[in-house]
Amino acid sequence: MTLYQSIAVLGSLGVVSGIVLAVSFSRLKVEDDPLVEEILQALPDINCGACGYASCHAYAELVAEGKAPADMCAPGGPETEEKIIRIKGGDLSSEKKIPKNAVVHCKPQKRIFSAGYCGIETCSAANISGAGLLCRFGCLGFGDCLAACPFDAIKINSSGAAEVIPEKCTACGLCVRSCPRDIILMVDYNDGRASYVGCSNTQEGKNTRKVCGSGCIACGLCVKRAPEGTFVLEDSLARVEHSGGEINVEEIKCPTGCIYESVEKTKN
Amino acid sequence: MGIGIKPLTNKETARFEPIQNLPVPEEVILYTSQHIGAPSEVIVEKKDTVRKGQLIASPKGGCSAALHSSIAGVVRDISKVNMCGGRSGKAVTIKKEKVQEQEKDFMKPLSSPDADKIIKRIADAGIVGMGGAGFPTHVKIVPPKPVDIAFLNGCECEPFLTADERVMTEYNKKVVEGFALLKKATGAEKGIIGIEDDKPVAIEKITEAAAACDDIEVKILEKIYPQGYEKMLITNTTGRTIPPGKLPFDVGVTVHNASTCLAVAEAVFEGKPLIERVVTVSGECLPHPVNYRVPLGMPVSEVLRYSISGISKMGEFDVYMGGPMMGVSLDSLDYGILKTTSGIIVQRPFFRKQAPCVKCGRCVDTCPMGLCPQRLNMFYEGRDFGSMSEAGLENCMECGCCSYECPSEICLTERFKEAKINL
């Protein structure tokens, strides 16, 4: 008897709530913009936040409404932009976008320490005391960027400093924000190649020499030997102004060897 | 009854050690940024000969301080060098000259100065808060709101440090005079001198000196760490509470350190700029702790040479600049003494085992700001800095009480320091 009672009660409850749901679905239905769904399909859907919006869905909604431009998605790059514009039915701009990648501007042969460190093992904590690393601008190597990267595009190399793998990097910019020493910067990749100075030390040459064997000593040779306008010397540190094919790293013969070329193999 | 911890003070011998002068060092490193605010601007050039007490860097902007040479010598270098605490900044390196001329007249002594003259003189002398924060004093005594109580902080609650205590004992008159000048410049009606009850000699000497002034009162406070933190001090003595994110002047109080008062008295009545300070050299590893009068910028290794031999090797010792609770751990001994360095502490290396939290709640009982470090730590472990901020992380003054009390030896304070940066 009890068995039948419970089946009857639960069954009727199910039928009643089913009817309520069906009615409310038809009455309170919200029309979803099919455009949003389509744009979301074109986006990488990793919610990295590089566009400045909360999620890929939030960005897709705004793009569908025309409130956000189509070129904000850094990980997707030009291809995603093209797809979005196709979906929205707009014109493709003829201007070619230069792809970017993040690059750690510290590539030491060997990092020199003056004391040990036994504190919290994150860069932001280690940066408070310097962690015994003599160079105040060098990579601490605890991997805050590694943890921030959603694409596994950062590795710690043999010298203990972080390094970006260009093939995997999508230029979302999360590592740039995570670095407490601000030594990860975005670099233009012309034809899959980029030259950069692997040092961020703004101390004078002799003081840089004291803390690192392969730091920029601001000798200015790169400014002289490379084509004009490619290198600039600012605050005792050389910086690449225009990256691309015209810089020949071999020809510059940097005395400390801190000018590098990063080559991006074809993505896939 | 204050909230905090009562660590072993270890001041028993150092507090009876008279202040000693040190020989002039071979070289001094004077950083342009040893105060809160913009770094000062160097006005000398390489190879210039400088006198003792000569202005070598002038303040840049409103919140900045002047910098003077602490020895007579030749400017060897002006460049960006490593500073303690993982920073890098511009510094002037001065090499000693063989003949050290006697300081004759730095600036003209003022006999009966008015408030404006005092403020100008303090700015010219480059005086900053010498307790640790390094807030420029000439900015502090011109608060945007009227102030009715001036406070002399003679607590020195950090273990091992006795510099302020010796200053108050030996220069009791000058300290009170300097404090009276600061009080006059600020326009405060009342002056309070707060001293912890474990310094009977200093209390006696200061009371004796303060007897001449009617409006200065000496208050004896309970010995507890961190009694010397200005928010604690003000609440415990006047009953006024400083809301989070506000400064003492918001409740009508300014707080000055004892060494700062001495520097002010010397600047006004003797015309001497801030070129030296009293530093306690102490710690577990030093059998004979001492108090030295050290020229600013003297390398730490040089100072320690007079106390212990063979300390140049790092790794065998942990050396702290400042007190053991809030000081900076040094990674090299080549850094110069700052205007804010009250001590050099040499300890045995110490490793924290960092076991998981056992939720004992000792950190909650001990936090002087009434925070819940255990809860903050829970958020930290999930890297949820937003919730930490909601739980009052900004109020944390990094005193280290929670880390001290933690039976699991979790580095709570370090974690909160990191979280504050990531907010």
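Helices (H or I, at least four residues) and strands (E, at least two) are DSSP runs, numbered from the N terminus. The model is predicted: local features need pLDDT of at least 70, side-chain atom pairs count only at pLDDT 80 or more, and totals for chains, interfaces and linings use all residues. Residues are numbered from 1 along each chain as its sequence is written, and chains are lettered from A in the order in which they are written.

In chain A, A131(A) sits in the loop between α5 and α6. A131(A) is not a glycine, yet has a positive phi of about 55 degrees. A131(A) is buried, with 22 other C-beta atoms within 10 Å. A residue is buried if 20 or more other C-beta atoms lie within 10 Å of its own, exposed if 12 or fewer, and partly exposed in between, with C-beta atoms placed from the backbone. N47(A), also not a glycine, has a positive phi of about 50 degrees. N47(A) lies in the loop between α2 and α3 of chain A. With 15 C-beta neighbours inside 10 Å, N47(A) is partly exposed.

Helix α3 of chain A spans residues 56–65, and C56(A), Y59(A), A60(A), V63(A) and A64(A) are buried in it. These residues cover an arc of only 135 degrees around the axis, which puts them on the same side of α3(A). The arc is that of the directions from the helix axis to the C-beta atoms. An α-helix has 3.6 residues a turn, so residues three or four places apart point the same way. The buried residues of α3(A) pack against α2 (34–42) and α4 (77–88) of chain A. G66(A) follows α3(A) and has a positive phi, near 80 degrees.

P150(A) is found in the loop between α6 (144–148) and β2 (154–156) of chain A. It has 16 C-beta neighbours inside 10 Å and counts as partly exposed. Leaving aside neighbours within four places in sequence, P150(A) is in contact with I46(A), C48(A) and L174(A). Two residues are in contact if their C-beta atoms, placed from the backbone, lie within 7 Å. The C-alpha atoms of P150(A) and C175(A) are separated by 9.5 Å, with the two residues 25 apart along the chain.

Between the chains, 21 residues of chain A are in contact with 21 residues of chain B. Helix α5 of chain A (residues 123–129) gives the largest share of the chain A side, five residues. That side divides into seven nonpolar, twelve polar and two charged residues. Ala, Val, Leu, Ile, Met, Phe, Trp, Tyr, Cys and Pro count as nonpolar, Asp, Glu, Lys and Arg as charged, and the others, Gly among them, as polar.

Chain B holds an open, antiparallel sheet of four strands in the order β2-β8-β7-β4. Its edges are β2 (27–31) and β4 (49–50), each with a single partner strand, so one side of each lacks a neighbour in the sheet. Two strands pair if DSSP finds at least two bridges between them. Five bridges join β2(B) to β8 (residues 87–96) of chain B in the antiparallel sense. Here L30(B) stands opposite V92(B). Four of the five residues of β2(B) are buried.

Six bridges join β9 (residues 149–154) to β10 (residues 190–196) of chain B. In this pair L152(B) stands opposite I193(B).

In α5(B), A202(B), I203(B), I206(B), A209(B) and A210(B) are buried. They fall within an arc of 135 degrees, so they line one face of the helix. They pack against β9, α3 (163–170), α4, β10 and β11 of chain B. A cis peptide bond joins Y225(B) and P226(B), with omega about 0 degrees. P226(B) lies in the loop between β11 and α6 (230–238) of chain B.
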